[in-house]
Amino acid sequence: MSAPQTVSLIIKARWIAPVVPENRVFEHCALVVDKGVIQALVPQEEADKRYDAQQEIFLGNHLLIPGLVNAHGHAAMSLLRGYADDLPLKQWLEGHIWPAEDQWLSEDMVRDGTELAMAEMIRSGTTCFNDMYFFPEQVAQAAQQAHMRAQVNFPVFDAPSAWGQGPEDYFRKGLALHDDFRASELVRIGFGPHAPYTLSDEPLTRIATLAQELDAPIHIHLHETAQEVSESIEQHGKRPIQRLAELGLLSPLTQCVHMTQVDEGDIELIRDSGAQVVHCPESNLKLASGFCPTQRFLDEGINVALGTDGAASNNDLDLLSEMKTAALLAKAVAGRADALDAHSALRMATLNGARALGLDEHIGSLEVGKSADITAIELSDLPSQPVYHPVSQLVYTNCGHKVSHVWVAGKALLLSRQLQTLNERELIGKARWWAKQIKGQH
């Protein structure tokens, strides 16, 4: 009998839902990790015989899942959580959020807000986030330092902002940032055209060309409200998605965020282009933007990922809570109780998110050869009992606060509910300081 193989980490858990193979839950098994990569998923007794671990963690009442992928957000806007609630999107943005940003946006605000957001996401099981905001270099650096995986999209508008003077300036800074992080294993830089209604044709066409040349993602708010669609028809004589398609902007690299206002032609364009859809149910509900027809998209073979949006319009970044809302909303919209079942909801928050970001070969499922991006959820408390189906329990009960451990590429970001790469007390202090500054001007 050969000697046991030395590995860096073995995690033994009561249940493991790897996402691939589909609809499976393994009991009393172990995940074997070495050099940040998953080596095996085997019964615990077999792990004891075959491997010698430098570190072994036993989670006897836990479910292991792939790390969650939050496919859309504005991390730094966590500092505007609760600042302007219960307002329609246009009034919320133009009357409150944009004026606050005009006054307070800075590198420091973005850095502090991003760190606050990352801490909240890690504590609720997210290992990878997709961000679109100003001062993206601060977001990218913060993610790298916290050892969190991220797609960071630099903003592009026709108008000037705190970060740039106009499209030329945005492109210059954004492409330099892309070069800076080209070799990063954790951070990928993408294009973040805000929305069709804030950009003219020329910069959109340029983004389409550059994205193909660089094989870089495009992240855009699209068909979020009925008003957006009607104004596009009035101004351009076509629906926003049709305009993007004609400008060459729809491809598998394109991540279409929201998609609450769609007709048959829109669905066809998305399907035929291979573009990705990112669904943000709680933000859409709160802003009364409409309903994304999730099950219809899935039935058409369209990849649908899940995002929280920013904490200014949600108001939390708990992707497990978002999974529950997505599953319930999909049933109501489709008029079918079997729409978006629990395993499909988990897949939307993991592998579908990884696919939308072009990372599905590396993350999104607990498969041999993939990065050890792992989340552990404890299912031993009273509201979790009894556990007939752990994935149903995960999706339909409130589990965000039950996340106990999180790893990215085998490195612990959360151990026994304690953050490992961010300082919680410091972040709370900074958030309170910002609230005092901003509230004084409210």
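Modeller: Gladly, and one definition comes first: helices (H or I, at least four residues) and strands (E, at least two) are DSSP runs, numbered from the N terminus. This is a predicted model, in which local features need pLDDT of at least 70 and side-chain atom pairs count only at pLDDT 80 or more, while totals for chains, interfaces and linings use all residues. Residues are numbered from 1 along each chain as its sequence is written, and side-chain values use heavy atoms, with hydrogens and water left out.

My pick is the loop between strand E12 (304-306) and helix H12 (319-334), where Asn315 sits. The peptide bond joining Asn314 and Asn315 is cis, with omega at about 20°. Asp309 also belongs to the loop between E12 and H12. Although Asp309 is not a glycine, its phi is positive, at about 65°. Its relative accessibility is 5%, so Asp309 counts as buried; here buried means under 20% relative accessible area, exposed over 50%, and partly exposed in between (1.4 Å probe, protein chains only).

Now for the other loops. Asp86, in the loop between strand E5 (68-73) and helix H2 (89-104), is another non-glycine residue with a positive phi, about 60°. Asp86 has a relative accessible area of 71% and is therefore exposed, whereas Asp309 is buried.

A cis bond also turns up between Val20 and Pro21, with omega at about 0°. At 46% relative accessibility, Asn23 counts as partly exposed. Leaving aside neighbours within four places in sequence, Asn23 is in contact (heavy atoms within 4.5 Å) with His343 and Arg347.

For one more loop, go to His194, which falls between strand E8 (187-193) and helix H6 (201-214). With 10% relative accessibility, His194 counts as buried. Not counting residues up to four places away in sequence, His194 touches Met132, Val156, Phe157, Leu199, Ile220 and His221. Asn23 and His194 are 171 residues apart in sequence, and their C-alpha atoms are 36 Å apart in space.

Stepping back to the chain, its secondary structure comes to 16 helices and 16 strands. Its radius of gyration, taken over C-alpha atoms, is 21 Å, close to the 22 Å from the globule rule (2.2 Å times the number of residues to the power 0.38) for 442 residues, so the chain is as compact as a globular protein of that length. Along the principal axes, the C-alpha atoms fill a box of roughly 70 × 45 × 45 Å. Of the 442 residues, 58% count as buried. Among contacts with a separation of 6 or more, 70% come from residues 24 or more positions apart.
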